[in-house]
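Colleague: Hi! Could you walk me through this structure, one piece at a time?

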Amino acid sequence: MNVVDKGKLFLCADLCWRVMHSNTVLDFIQRRKQETDTGAIESDLIGSVIMCKYNNRTYNIDGVAFDLSPRSTFVKKMRGGEMKEISYVSYFEERYQIRLRILDQPLLLSISEKRSNEPGQKKQKEIIYLMPELSYLTGITADIPRRDLIQHTRVDPPKRYEELEKFSRKVSQTFGSVGGPSSSSSSSSSSSSRSGSDRDRDRDRDRDRDRDRDRDRRDRDRDHDRGRGGDEDWKISLSINPRMVEIQGRILPAQKIFFGNNASEIPDRASWQLQNRYFVNPVKSIDRWLVIFGERDRRNAEGFMQTMQQDAGAFGFRLGEPKAVDLRNTSQESYVRCIQDNLVRPDSFSLVVCILPNTNAMVYSAIKKQLILRTPVPSQCIVAKTLDGQKRRSVCTKLAQQIQAKLGATLWTIEFSGPIIQKPTMVIGLDVSTAKDKKVRGSVAAFCATMNSKFTQYFSRVDFVPRDQEIYTGIGASLKAAIESFIKTNNIPPMRIVIFRDGVGDGQHHAVLDQEIPEFQGIFKQISVQYQKPYSPTVCFTLVKKRISTRLFARGHQGVSNPRFGTVVDTTITTKSQFDFFLITQNVGNMGSVSPTRYHVLFNDTDLQADDIQLLAFKMSYLYYNWNGTIAIPAPVQYAHKLSALAATALQKSPSELLKDKLYFL
């Protein structure tokens with residue numbers, strides 16, 4: 001339940017699914033052993049969420065102990081208090097009456113944090129060993145047919161609304177029949193359009209939720225043991241309103257998209273086509289570009305190069321004859337050696353395209369490390385099979401868009417007016433993500449800031465912060481570098497800085513206020529000293545949260561449907577004492593139920609009012625150059641998300657400074 005203004009409670013509920021595989025983790029290990037080594041198997045499993053059916057609990061996999069087996073022993077505390085050495089085989093037979101079939105299987109490691117009973121003590125880490133034979137992978141993997149998955153999980157608004165009403169009536173009846181004894185207070189709550197459980201939760205959030213659930217279960221058990229588990233005073237009588245709450249929303253007008261050659265369009269469905277449309281400000285000519293491919297993919301590579309050269313003119317730029325290199329061996333060493341041999345100078349090529357035989361992550365990572373860390377050049381990796389057949393032209397259209405964006409082109413723009421253009425303004429997107437690979441030295445914080453008045457040119461930077469830390473401790477240095485780049489580009493510093501920050505949990509709001517925002521004032525003083533002029537820009541700091549427990553429905557003459565893109569809700573289900581709102585920027589049509597994004601303005605000393613901030617967030621959703629349509633969050637945040645994901649998975653280091661003004665990470 002969520003408490004909003006005046007102590008009201010809103011019950012949040014939604015349809016949700018968990019994908020559990022029918023094969024065990026042991027089946028996965030045995031199959032992968034025939035294809036690769038134990039190091040690759042462990043890398044594949046780290047970060048996975050598994051379920052053990054013998055206790056119906058989920059665990060996050062932090063490692064695989066190939067040097068241990070069910071025959072290995074550990075010391076167990078018995079009921080009498082004595083310590084006894086026991087094998088895992090015996091333990092499962094005694095505890096769960098399960099006889100393990102395979103005795104030479106490795107053990108899975110899951111690290112949990114155990115709260116100390118003593119106040120002020122730090123959490124203690126505890127290693128749990130699990131049997132692959134009894135564990136089942138969860139989550140979506142490449143071998144699951146996407147069409148079947150979508151068929152079961154993509155529920156349209158009428159069906160979702162009907163199921164939620166059934167659930168709310170059931171809950172209402174249950175609470176109505178189990179009201180507690182005399183209570184000092186009575187509350188009422190309702191099932192509202194502020195309801196939902198995120199379908200797109202990733203593995204890290206699965207892990208955090210499961211660990212929190214386990215911790216809460218231990219706390220409840222400890223409280224019960226201490227005699228605080230059954231007092232009559234804790235019982236509260238609740239009455240549940242089975243109807244969803246009705247709220248008033250506003251719809252922001254669809255924005256006009258401007259293309260090259262004075263073309264424009266107001267998309268009614270939040271998406272647009274690029275065929276036969278010039279980019280606004282493309283890189284006019286790409287004369288020096290390198291294409292690397294394997295011998296077996298020569299036909300697809302030649303078709304790609306020919307199609308790209310033919311279609312470049314339709315977007316307003318020229319693509320010269322590339323240097324094509326075919327490889328007999330498509331190993332990661334072969335690609336890297338070829339790049340090193342050809343990029344002997346920083347200006348040897350302005351673009352490198354690598355056509356890959358498959359989606360091997362190690363090959364992709366090696367290529368990106370070479371072209372982003374060592375010999376920094378914008379690059380594009382393509383899987384060969386995507387260039388085969390009739391889909392080649394549509395793929396090349398997308399690639400032309402992506403390549404131009406990576407080289408710094410402006411593909412399309414929208415119009416900004418009113419207070420937002422009255423001062424030089426920088427819009428920043430921040431995101432912090434945790435690397436799956438434990439070898440990475442920490443979480444990855446990405447910083448993307450606009451450099452022009454149209455908010456289409458960017459400065460980017462990556463910092464590493466302590467693992468699992470959501471606070472961006474290097475934000476001051478990134479902000480200073482961005483302001484210096486803005487001054488170099490515009491000959492004037494930004495006088496208004498608008499920050500959209502993702503990757504912050506609900507419990508971290510005060511930490512962000514206390515640690516990140518105060519860094520800004522120190523940086524402004526440094527800029528004042530550096531340029532010998534007073535510098536005190538205004539700041540608007542807004543948290544962005546896409547994975548939320550909220551669903552909104554629109555009721556019309558034809559029944560329940562998705563709200564139109566541009567819908568803003570800032571009453572009833574928001575907090576009156578704070579500034580937050582919900583915004584829908586996507587149009588999903590009949591492809592399921594739309595999810596709003598929640599914005600929470602933590603700090604604002606700018607002249608921008610609530611309507612201005614809401615409109616700016618909406619407009620910025622139009623300017624993500626990797627998609628011909630609006631996205632769920634402002635473009636700078638999505639760029640930061642892409643950059644942090646690339647740095648955490650493929651690079652594992654900070655990118656070269658030479659690429660800081662390019663969207664090379666798309």
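Modeller: Happy to; we will go through a helix pair, some strands and a few single residues. Keep in mind that this is a predicted model.

Colleague: Great, helices to begin with. How do the axes of α8 and α9 cross?

Modeller: Helix α8 covers residues 332-342 and helix α9 covers residues 361-374; their axes come within 9 Å and cross at roughly 20 degrees. Angles under 35 degrees count as roughly parallel, so α8 is roughly parallel to α9. The crossing is right-handed.

Colleague: Which residues make that contact?

Modeller: From α8 you have Q332, Y335, V336, I339 and Q340. On the α9 side there are M362, V363, A366, I367, Q370 and L371.

Colleague: And how many of those are nonpolar, polar or charged?

Modeller: The contact divides into 8 nonpolar residues, 3 polar ones and no charged ones.

Colleague: Nice. Switching to strands: what is the order in the open sheet of 4 strands?

Modeller: The order is β3-β11-β4-β5, and the pairing is antiparallel. From one strand to the next, the twist averages 35 degrees.

Colleague: Which strands stand at the edges?

Modeller: Those are β3 (20-24) and β5 (57-60). Each has a single partner strand, so one side of each is left without a neighbour in the sheet.

Colleague: How many bridges does β3 have with β11?

Modeller: β3 and β11 (residues 135-138) pair over 2 bridges, in the antiparallel sense. As an example, M20 has T138 in β11 as its bridge partner.

Colleague: Which helix packs on that sheet?

Modeller: That is α1 (residues 25-33), which touches β3, β4 (49-52) and β11. The direction of α1 makes about 60 degrees with that of β3.

Colleague: New topic. How many residues of β18 are buried?

Modeller: In β18 (residues 289-294), 6 of the 6 residues are buried, so the strand is largely enclosed by the rest of the structure. Both faces are covered, with W289, V291 and F293 on one side and L290, I292 and G294 on the other.

Colleague: Which way do β18 and its partner strands run, parallel or antiparallel?

Modeller: Parallel, in both cases. β18 is joined by 4 bridges to β21 (residues 351-356) and by 5 bridges to β20 (residues 323-327). W289 has L351 in β21 as its bridge partner, while F293 stands opposite D326 in β20.

Colleague: What about Q380, buried or exposed?

Modeller: Q380 is in strand β22 (residues 379-383). This residue has a relative accessible area of 5%, so Q380 is buried.

Colleague: Who is Q380 in contact with, apart from neighbours within four places in sequence?

Modeller: Its contacts are V352, V353, C354, K368, L399, Q402, I403 and K406. V352 is 28 residues apart from Q380 along the chain, yet their C-alpha atoms are separated by 6.4 Å.

Colleague: Last topic: what is phi in N491 and T572?

Modeller: Phi is near 60 degrees in N491 and about 65 degrees in T572. Neither residue is a glycine. As background, most residues other than glycine have a negative phi.

Colleague: Where are they, and how exposed is each?

Modeller: N491 lies in the loop between α11 (475-490) and β27 (496-501), and at 71% relative accessibility N491 counts as exposed. T572 is in the loop between β31 (567-569) and β32 (579-583). With 38% relative accessibility, T572 counts as partly exposed.

Definitions and conventions
Residues are numbered from 1 along each chain as its sequence is written. This is a predicted model: local features need pLDDT of at least 70, side-chain atom pairs count only at pLDDT 80 or more; totals for chains, interfaces and linings use all residues. Side-chain values use heavy atoms; hydrogens and water are left out. Axes are lines fitted to C-alpha atoms, for helices over the stretch in contact, and angles run from 0 to 180 degrees between N-to-C directions. Angles under 35 degrees count as roughly parallel, over 145 as roughly antiparallel, 65 to 115 as roughly perpendicular and the rest as oblique. A crossing is left-handed if the near helix is turned anticlockwise from the far one by less than a right angle, and right-handed if clockwise. Contact means heavy atoms within 4.5 Å. Ala, Val, Leu, Ile, Met, Phe, Trp, Tyr, Cys and Pro count as nonpolar, Asp, Glu, Lys and Arg as charged, and the others, Gly among them, as polar. Two strands pair if DSSP finds at least two bridges between them. Buried means under 20% relative accessible area, exposed over 50%, partly exposed in between (1.4 Å probe, protein chains only).
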